[in-house]
Amino acid sequence: MSTNNVIRVMLVSDHKTWLWGLEQLLAGAQPAMQVVASSTEIDSALLLARTLCPDVIVLDADLGCGGACAIDYLPQLLGNGVSRALLFSGTQDQAACGRAVRSGARAVLGKETSVKQMVDAIARLHRGELCLEPALLDSMLGVLNKPEAAPDPEEQRIARLTLKERKIVAMMVEGNGALNRAIAQRAFISEQTLRNHLTSIYSKLDVTNRLELYVYATRNRLAEPVHAE
């Protein structure tokens, strides 16, 4: 953050006329603001953010980033540990704006915002305040306060199985009554090792025998192929 009273601002947008106009407007703003850099593309913006460490970065959410979204670059732009980000957006997409805040933006304004509102937002951001529209703030608080769904007990049981155990369960179902010896040969393990695996599987899935395992595995689609990640 700057050591004097001048707020150092960097502008990022691929609309050159908008950049020029905003720079002129900020030049006479109170409190005093200085545009230390402006960029029309994300790579140079990332470099400038690292080297200049502006107090506030004003980022155009509609900036063309080669198919990527400008919001995705917020963590990198703020990686210097000094800058705070104000996002300008031409849309009122609550989901995108919420994602911007979660990515580090501390102010989100529409492009129809007046000069006075924008200057006020930069000043508030520089003081460490949040500057979010009430609808966006309410939306984000609603998501944060929404209770998480209770975990599925079946999914929790199945998640305890190792990859090897999942494969053995699939073989048991596909075998449809095949002897342990045949299953063990297919799995390239001994019958004793297979029995050890079955004991573990029964315990984790809360079943007691091969029939219950067959019913459980069929109901929960555990016979589908399992691949290592």
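## Exercises on a predicted model

Cys 53 sits in the loop between helix 2 and strand 3.

**Exercise 1. Describe the backbone and the surroundings of Cys 53, and decide whether Cys 53 is buried, partly exposed or exposed.**

Step 1: Look at the backbone angle. Phi of Cys 53 is near 50°, which is a positive value in a residue other than glycine.

Step 2: Turn to accessibility. The relative accessible area of Cys 53 is 24%. Buried would need a value under 20%, and exposed a value over 50%. Cys 53 is therefore partly exposed.

Step 3: Find a partner from another loop. Cys 53 is one of the residues in contact with Ser 83, and Ser 83 belongs to the loop between helix 3 and strand 4.

**Exercise 2. Work out how Ser 83 is placed, and find the backbone oxygen that lies 2.6 Å from a polar atom of its side chain.**

Step 1: Check the accessibility. Ser 83 has 8% relative accessibility, so it counts as buried.

Step 2: List the contacts, leaving aside neighbours within four places in sequence. Ser 83 then touches Cys 53, Pro 54, Asp 55, Ile 57 and Leu 78.

Step 3: Pick out the oxygen. It belongs to the backbone of Pro 54.

Step 4: Compare with Gly 79, which is also placed in the loop between helix 3 and strand 4. At 60% relative accessibility, Gly 79 counts as exposed, whereas Ser 83 is buried. The C-alpha atom of Gly 79 is separated by 10.0 Å from that of Gly 104, a residue 25 places away along the chain.

**Exercise 3. Name the residues that touch the most other members of the largest nonpolar core, and say which elements build this core.**

Step 1: Start with a general idea. In soluble globular proteins, nonpolar side chains tend to be buried together.

Step 2: Identify the members with the most contacts. The largest nonpolar core has 25 residues, and Leu 59, Leu 77 and Leu 87 touch the most other members.

Step 3: The strands are strand 1 (7-12), strand 3 (56-60), strand 4 (84-89) and strand 5 (105-110). The helices are helix 2 (42-52), helix 3 (74-77) and helix 4 (94-102). Helix 2 gives the most to this core, with 4 residues.

Step 4: Zoom in on Leu 87. Not counting residues up to four places away in sequence, Leu 87 touches Leu 59, Ala 61, Ile 71, Ala 100, Ala 105, Ala 107, Val 108 and Leu 109.

Step 5: Look beyond this core. Apart from it lies another core, of 22 residues, including Val 9, Leu 22, Val 58 and Phe 88.

**Exercise 4. Find the aromatic pair of the structure and classify its geometry.**

Step 1: Search the whole structure. There is 1 aromatic pair.

Step 2: Read its geometry. The rings of Trp 18 and Phe 88 have centres 5.5 Å apart and planes at 75°. Planes over 60 degrees apart count as edge-to-face, so this pair is edge-to-face.

Step 3: Trp 18 is in helix 1 (residues 16-27) and Phe 88 in strand 4, so the pair ties together parts that are 70 residues apart in sequence.

Step 4: Compare their accessibility. Trp 18, at 24%, counts as partly exposed, while Phe 88, at 3%, counts as buried.

Notes
Residues numbered from 1 in each chain as written. Predicted model: local features only at pLDDT ≥ 70, side-chain atom pairs only at ≥ 80, totals over all residues. Heavy atoms only, no water. Core = buried A, V, L, I, M, F, W, Y, C linked by side-chain atoms within 4.5 Å. Buried < 20%, exposed > 50% of the residue type's maximum accessible area, 1.4 Å probe, protein only. Helix = DSSP H or I, 4+ residues; strand = E, 2+ residues; numbered from the N terminus. Contact = heavy atoms within 4.5 Å. Polar contact = N/O pair within 3.5 Å; in protein donor to acceptor, adjacent residues only side chain to side chain. Phe/Tyr/Trp six-rings, centres within 6.5 Å; stacked < 30°, edge-to-face > 60°.
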